[in-house]
Amino acid sequence: SRERLRTAEIDLRDRIEAVAAMRRTLPPGPVVPDYAFIENGKRVRLSQLFERDKPYLIVYHLMYWADEDDFCPMCSLWLDGFNGIVPHVTQRANFVIASRAPFETLRAWDARRGWDRLRLLSDDGPSFARDIDAEDAEGNPDSTIAVFSKNGDTIRHVYTAHPMLEDRE
């Protein structure tokens, strides 16, 4: 039974690599607008989130409901982990957290959770969240990881994933 498990784990690893290879062969993705965010009372553009030597930007969109005091507990758990690994991730890619929450609300949640390494941004309007499928037309959020690339002045939406991956019917 241990050998069957070992063989199954090797098969799983190989299947994960095959999916990753498929992901790497995706076309470049659509060009996107230079979305705006709010950070510490200032407007920041998507293009400004890229450091010169890092052509990729990973955005985790933190779920928030305007009629509740707290953020999504599962997203918060993810961010607890990201807070620990972000120095390693940012050696190769840019990484930020965005949310539809007002910046002051986001900052207060950040202080409560002890996130001292994460760059937090509040969406400046609903278009970014809706364009990356982090929010539907009724304002219902979905946890979302979006990856963008920048080449010159061109920003492309490369990839989107939802951590709570559900089967489509």
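How much accessible surface does the protein chain have, and what percentage of it belongs to carbon and sulfur atoms? The accessible surface comes to about 10900 Å², and 51% of that belongs to carbon and sulfur atoms. Please bear in mind that this is a predicted model.

Let me turn to the overall picture. The protein chain has 169 residues, of which 34% count as buried. Its C-alpha trace spans about 55 × 40 × 35 Å along the principal axes. There are 4 helices and 7 strands, and along the sequence they follow the pattern α-β-β-β-α-β-α-β-α-β-β. Among contacts with a separation of 6 or more, 62% are between residues 24 or more positions apart.

Next, the sheet. The 7 strands form an open sheet with mixed pairing, in the order S2-S1-S5-S4-S3-S6-S7. At its edges are strand S2, residues 42-45, and strand S7, residues 154-161, each of which pairs on one side only. On average, neighbouring strands are turned by 35° against each other, direction ignored.

Finally, helix H2. This helix, residues 73-89, lies across strands S3 and S4, and runs at about 160° to S3. Met74 lies in helix H2 and is partly exposed, with a relative accessible area of 42%. Together with Leu77 and Trp78, Met74 makes a nonpolar surface patch of about 290 Å². Thank you for your attention.

Notes
Residues numbered from 1 in each chain as written. Predicted model: local features only at pLDDT ≥ 70, side-chain atom pairs only at ≥ 80, totals over all residues. Heavy atoms only, no water. Pairing = 2+ DSSP bridges. Helix = DSSP H or I, 4+ residues; strand = E, 2+ residues; numbered from the N terminus. Axes fitted to C-alpha atoms, helices over the stretch in contact; angles between N-to-C directions. Contact = heavy atoms within 4.5 Å. Patch = residues over 30% accessible without salt bridge, like charges linked within 9 Å, V, L, I, M, F, W, Y side chains within 5 Å. Areas by Shrake-Rupley, 256 points an atom, 1.4 Å probe, with all protein chains shown as cover. Salt bridge = Lys/Arg side-chain N within 4 Å of Asp/Glu carboxyl O. Buried < 20%, exposed > 50% of the residue type's maximum accessible area, 1.4 Å probe, protein only.
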